[in-house]
Amino acid sequence: MAGTARTLAEKVWDQHVVVRGGGEGGAREPDLIFIDLHLVHEVTSPQAFDGLRLAERPLRRPDLTIATEDHNVPTTDIFSPIADLVSRTQVDTLRRNCEEFGVRLYPMGDLDQGIVHIIGPQLGLTQPGMTVVCGDSHTSTHGAFGAIAMGIGTSEVEHVMATQTLSLRPFKTMAITVDGELAPGVTSKDLILAVIAKIGTGGGQGYVLEYRGEAIRKLSMEARMTICNMSIEAGARAGMIAPDQITYEYLRGRPHAPQGADWDAAVAAWDQLATDPDAVFDNEVHIDASSLTPFVTWGTNPGQGAPLGDTVPNPAEMADESEKFAAEKALQYMGLEAGTPLRDVAVDTVFVGSCTNGRIEDLRAVAEILDGRTIADSVRMLIVPGSMRVRAQAEKEGLGDIFTAAGAEWRQAGCSMCLGMNPDQLAVGERSASTSNRNFEGRQGKGSRTHLVSPLVAAATAIRGTLSSPDDLT
């Protein structure tokens, strides 16, 4: 109702309602919501384009649709034909579909090609107050700008292509308030892993999470994107952070950002998006940032994590039977014994990259640790920039030379080892420390074992060969 205090999510939602559903409570009909930006890649779009073709429908708003090649692409020899037939077919199909329907596509080798959730922000396409969708669960990344950003299924992708709208019921709201300051060496990746461990992988189900508090306000935009990126791992529909001066400085001057008087008007509108002081959330969680230390996962979902200084947990000490069973199963798959210090866990591979931690800020942090050092003989390290622009910037700053001098493989842009849909995979039984977002069974290759870590922990782990933080190098 007019005059009622509202949260950030409620304000953005209300601004995009085309038709409001009738009814009350659980019987309420969905709202029809306008979508400002539709991001497309090669994996979830072919069936949607086919649906348009069969129904003889045009793409409703090509100007609000952007495509890139990311999931299946190789990160070496990018100008040679893709060796894997399935991957090659998906990429070629995307190219044909984009040409037929008039979609702007960033192909391999293009300066603006990269992971879909990295190129949107870097081009200034992602802006505060928007609704953003993509056939990829980690679309929540874009919520760092104060946007409602959601992953959607294939049928929904087709619906947006045909109508530029979605039929959705409003979500509940949850405040994640992070008070205090993060200690040196503790990053946004450690923070979001701690949040997920606290509320569980289903704790955010049905909610839009709004991250608030002193620690969040002090984060850079790239760190905020890491936080919102992994909101989906807590079961949330989306994650959001209210726009502020840090947001505006990141966006200012980017290719698709407003210019001149339009910029001033946009900032004035974006300033109104903050949650009203007396707005009420459906749920609230509080985190003391100063209590956090580097965090790693030990199990097979992002909620099975612990501070790096801890030991592998003992399932027998867990009171909840379902939690106990899940932990036993996870430790068996991961090949870990309860009571083992996490710092004693040796890895075969270190992966730096993904839409979680493949930005220039992440690469700079890794380079600072690797500079003048050499990775362990037992470790293979892949460093994969999230976009070609990130790679170009890293090359300009000399980071690529630091990576190769340390013994790491410095790759081209793509999703890479995050999900193993491309040549960058672990072998059966191999163990990785990964800056990506999921540690599910087989996520990085059949039989692979994944520990989620921050870029700082990844770099230190590559040098020592076991899960480590930079403090272990002194």
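## Sheets and helix packing in a predicted model

Two bridges, given as 2 in the count, join strand S1 to strand S2 (residues 31-34), and the two strands run antiparallel. Strands (E, at least two residues) and helices (H or I, at least four) are DSSP runs, numbered from the N terminus. Two strands pair if DSSP finds at least two bridges between them. This is a predicted model, in which local features need pLDDT of at least 70, side-chain atom pairs count only at pLDDT 80 or more, and totals for chains, interfaces and linings use all residues. Residues are numbered from 1 along each chain as its sequence is written, and side-chain values use heavy atoms, with hydrogens and water left out.

Valine 19 has leucine 32 of S2 as its bridge partner. The pair belongs to an open sheet of 3 strands, ordered S1-S2-S8, with antiparallel pairing. Its edge strands are S1 (17-19) and S8 (165-168), and each pairs on one side only. From one strand to the next, the twist averages 40°. Angles run from 0 to 180 degrees between N-to-C directions, and axes are lines fitted to C-alpha atoms, for helices over the stretch in contact. Helix H5 (residues 154-163) packs on this sheet and touches S2 and S8. The direction of H5 makes about 130° with that of S8. Contact means heavy atoms within 4.5 Å.

Strand S3 covers residues 37-40. Leu37 and Leu39 point one way from S3, His38 and Val40 the other way, and all are buried. Buried means under 20% relative accessible area, exposed over 50%, and partly exposed in between (1.4 Å probe, protein chains only). S3 runs parallel to strand S6 (residues 131-134), joined by 3 bridges. S3 also pairs with strand S4 (residues 65-68) in the parallel sense, over 3 bridges. Histidine 38 takes part on each side: its bridge partner in S6 is valine 133, and its bridge partner in S4 is threonine 65.

**The parallel sheet of 5 strands**

An open sheet of 5 strands has the order S17-S16-S15-S18-S19, with parallel pairing. Strands S17 (409-410) and S19 (449-452) stand at the edges; each has a single partner strand, so one side of each is left without a neighbour in the sheet. Strand S15 (residues 349-352) pairs with strand S18 (residues 431-434) in the parallel sense over 3 bridges. Valine 350 has alanine 433 of S18 as its bridge partner. Helix H11 (residues 321-334) lies across S18 and S19, and runs at about 115° to S19.

**Helix H13 and two neighbours**

Helix H13 (residues 360-370) packs with helix H15 (residues 399-406). H13 also meets H16, and their axes cross at roughly 30°. The table sets out both pairs.

| Helix pair | Angle | Axis separation | Handedness |
|---|---|---|---|
| H13 and H15 | about 45° | 9 Å | left-handed |
| H13 and H16 | roughly 30° | within 8 Å | right-handed |

A crossing is left-handed if the near helix is turned anticlockwise from the far one by less than a right angle, and right-handed if clockwise. The H13 and H15 contact is made by Ile360, Leu363, Arg364, Val366, Ala367 and Leu370 of H13, with Leu399, Ile402, Phe403 and Ala406 of H15. By class, that contact has 9 nonpolar, no polar and 1 charged residues. Ala, Val, Leu, Ile, Met, Phe, Trp, Tyr, Cys and Pro count as nonpolar, Asp, Glu, Lys and Arg as charged, and the others, Gly among them, as polar.

The H13 and H16 contact is made by Asp362, Ala365, Val366, Ile369 and Leu370 of H13, with Pro455, Leu456, Ala459, Ala460 and Ile463 of H16. This contact of H13 with H16 has 9 nonpolar, no polar and 1 charged residues.

**Covering of H16**

Helix H16 (residues 455-464) is mostly covered, with 9 of its 10 residues buried. The buried residues of H16 pack against strand S13 (295-297), S15, helix H12 (354-357), H13, strand S16 (380-383) and S18. Glycine 465 follows H16, and its phi is positive, near 90°.

Threonine 7 is found in the segment before helix H1 (8-14). Threonine 7 is buried, with a relative accessible area of 1%. Leaving aside neighbours within four places in sequence, threonine 7 is in contact with Thr173, Glu210, Thr275, Ala279, Val280 and Phe281.

Alanine 266 sits in helix H10 (residues 260-270). Alanine 266 is buried too, with a relative accessible area of 13%. Its C-alpha atom is separated by 45 Å from that of aspartate 84, 182 residues apart along the chain.
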